[in-house]
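Please open the model in your viewer and keep the sequence panel beside it. The tour below moves from one selection to the next and says what is to be found at each stop.

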Amino acid sequence: MNPYHKQAISDLTILLRQAIDALEQGGPELVEPAKELREMVTRPPRVAIVGRLKSGKSTLVNALTQHRIAATDSLECTLVVSMYLDGAPARAEIIGLDRESIREPLGNGPLQKLPRPLDEIDYVRQYLPNVSLRQLSLIDTPGTATLTVENEERTRRMLVDGGQDTRRASSWADCVVFLSDSAPRDDERTFLSQLGMTPLTTVGVLSRADSFGAGAFGQVDPIIFAGEHAYKIAEQLQSVVETVLPLSGLLAESASVGRVTETLARNLGSLVMLDRDQVLDFIEVDDPGVIVRGFTPAMRDDLLDAVGEYGIMAGRGVAHQSGATGLLKWMREVSGIEALTQLLTGDIVYFAILQRAVRMLDALEDMSNNYNVRNHVRWVQEVILSQPGMHFVLLYRSYRNTYASNPNSVLLPALRRAITATNPAEVAGLTSSADPGVVRAKHEEELGKLQMLAMTPLSAAEDEARERLIVAHQHALRSLR
């Protein structure tokens with residue numbers, strides 16, 4: 001992560017905590033909202049994983065946590081919203097729609113059954129002592145735009161409706177990973193737009209990359225093909241997602257949860273002498289021992305379960321040459337899980353924290369409409385908004401609101417530059433090595449354009465964004481002196 005962003009996250013978190021402490025002093029009506037907001041700003045960034053039913057969401061949860069914590073088969077547990085958090089002892093807390101909570105111990109695997117009927121459950125919190133969950137907590141959802149309306153309603157209740165409820169602030173997501181086997185469909189894009197996120201906090205994942213094109217036995221490597229397809233989708237969806245990455249969920253999960261053993265690698269490596277057609281026969285025949293002496297159907301099925309057809313075809317040479325250690329490294333790299341993990345724990349965390357801060361401002365605005373506490377809440381609002389550390393939060397709020405009102409606004413590129421910049425030159429859209437005189441001239445040019453925009457029809461969100469950009473350019477000019 002950029003050191004500048006790392007320090008900004010620390011400073012902003014302190015500022016938000018101080019504001020919440022002040023909010024709590026406003027009376028008993030504010031104690032519970034303050035508690036929810038405090039938990040929200042102090043926990044690790046939270047990633048919501050969304051996509052259609054059977055798109056590989058739970059498999060991705062397991063890969064990211066490096067633990068088989070999420071059910072991936074057709075259990076009823078896959079049909080509820082599940083939050084995965086670091087904590088001990090390992091346990092599940094099933095939260096009902098009536099707010100009653102039932103606690104169930106967890107063993108070494110995922111939750112196997114629900115203690116209440118599915119239609120009575122709001123969501124499930126699952127705790128596991130886990131290093132990965134100390135960096136990112138996760139929300140696994142049942143699916144969007146599915147054939148089962150109830151599944152989508154559960155997802156919406158948590159991510160859309162719950163995102164507007166201060167009583168559930170501690171459950172809010174800070175960024176989104178969207179899984180799909182293609183570019184988002186219209187209904188999926190509509191759903192994404194309702195989450196209150198921006199492209200800076202939304203990552204696309206092209207799932208099942210190991211079966212793209214003609215698959216493992218085609219002329220083109222399916223993961224390379226998926227990578228090229230993901231790049232094209234990312235270009236098309238610049239206004240929707242930060243980027244699109246290809247992912248083989250099977251290889252990622254198997255490499256992350258301990259399925260790669262010396263025995264598995266040795267069995268896979270024993271196939272290195274087979275040609276393409278022989279590998280295909282090995283997979284399809286009833287008795288693989290006729291292709292490779294001593295190979296049983298159970299051994300073959302174990303390979304397919306762990307690495308799939310692509311892993312057998314493309315990974316057998318790696319396993320033969322480098323054993324389990326080399327195979328594990330290859331699977332993590334080729335699956336795409338390394339690239340996705342680096343992205344989710346890198347600079348996107350900074351934008352997720354900005355998203356979190358903006359949601360806290362939204363919550364304060366809602367509370368300021370409560371007659372009994374509005375004077376105190378408005379005082380907290382005034383104090384926090386006057387702090388210099390809120391500059392980028394306000395820029396991000398303008399970016400979010402402008403994006404929501406007009407995804408094609410001419411102000412969005414400038415807002416994005418101002419938010420992501422770490423020096424005055426980048427605010428102006430120049431490289432950090434640009435001559436100071438050129439940088440100054442560019443800022444003055446941009447200020448002139450923004451002043452002229454005041455004469456054109458703008459939405460309320462765009463007008464506020466224009467004013468925030470003026471402040472950003474003026475601040476950058478002052479820092480050049």
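Begin by selecting S171, which sits in the loop between α5 (149-161) and β7 (175-180); helices (H or I, at least four residues) and strands (E, at least two) are DSSP runs, numbered from the N terminus. The model is a predicted one, in which local features need pLDDT of at least 70 and side-chain atom pairs count only at pLDDT 80 or more, while totals for chains, interfaces and linings use all residues. Residues are numbered from 1 along each chain as its sequence is written, and side-chain values use heavy atoms, with hydrogens and water left out.

With a relative accessibility of 5%, S171 counts as buried, where buried means under 20% relative accessible area, exposed over 50% and partly exposed in between (1.4 Å probe, protein chains only). If you set aside its neighbours within four places in sequence, S171 is in contact (heavy atoms within 4.5 Å) with R46, M83, Y123, I139 and M158.

Next, display the strands. Nine of them form an open sheet with mixed pairing, in the order β4-β3-β5-β2-β6-β1-β7-β8-β9; two strands pair if DSSP finds at least two bridges between them. At the edges stand β4 and β9 (244-246), each with a single partner strand, so one side of each is left without a neighbour in the sheet. Neighbouring strands are turned by 20 degrees against each other on average, direction ignored; axes here are lines fitted to C-alpha atoms, for helices over the stretch in contact, and angles run from 0 to 180 degrees between N-to-C directions.

Within this sheet, select β7 together with β8 (residues 202-206), which pair in the parallel sense over five bridges, and find L179, which stands opposite V205 in β8.

Now turn to the charged side chains. The structure holds 22 salt bridges, each being a side-chain nitrogen of Lys or Arg within 4 Å of a carboxyl oxygen of Asp or Glu. D98 is partly exposed at 43% relative accessibility, whereas R116 is buried at 15%.

Select R99 and D122 as well, a salt bridge with its closest N and O atoms 2.8 Å apart. This pair links distant parts of the chain, with R99 in the loop between β3 and β4 and D122 in strand β5, 23 residues apart. Which of the two partners is buried? At 3% relative accessibility it is D122, while R99, at 46%, is partly exposed.

Move on to helix α18 (residues 436-453), where K449 and E446 are three residues apart and therefore separated by about one helical turn. Their side chains meet in a salt bridge (3.6 Å, N to O), and K442, E445, E446 and K449 are linked in a network of such bridges.

Finish with helix α11 (residues 297-335), which has 39 residues but whose end C-alpha atoms are only 26 Å apart, short of the 57 Å that a straight helix would reach at 1.5 Å a residue; the expected span is 1.5 Å times one less than the number of residues. Centre the view on G323, where α11 has a kink of about 135 degrees, the bend at a residue being the angle between axes fitted to the seven residues ending there and the seven starting there. Just after α11, G336 takes a positive phi of about 95 degrees.
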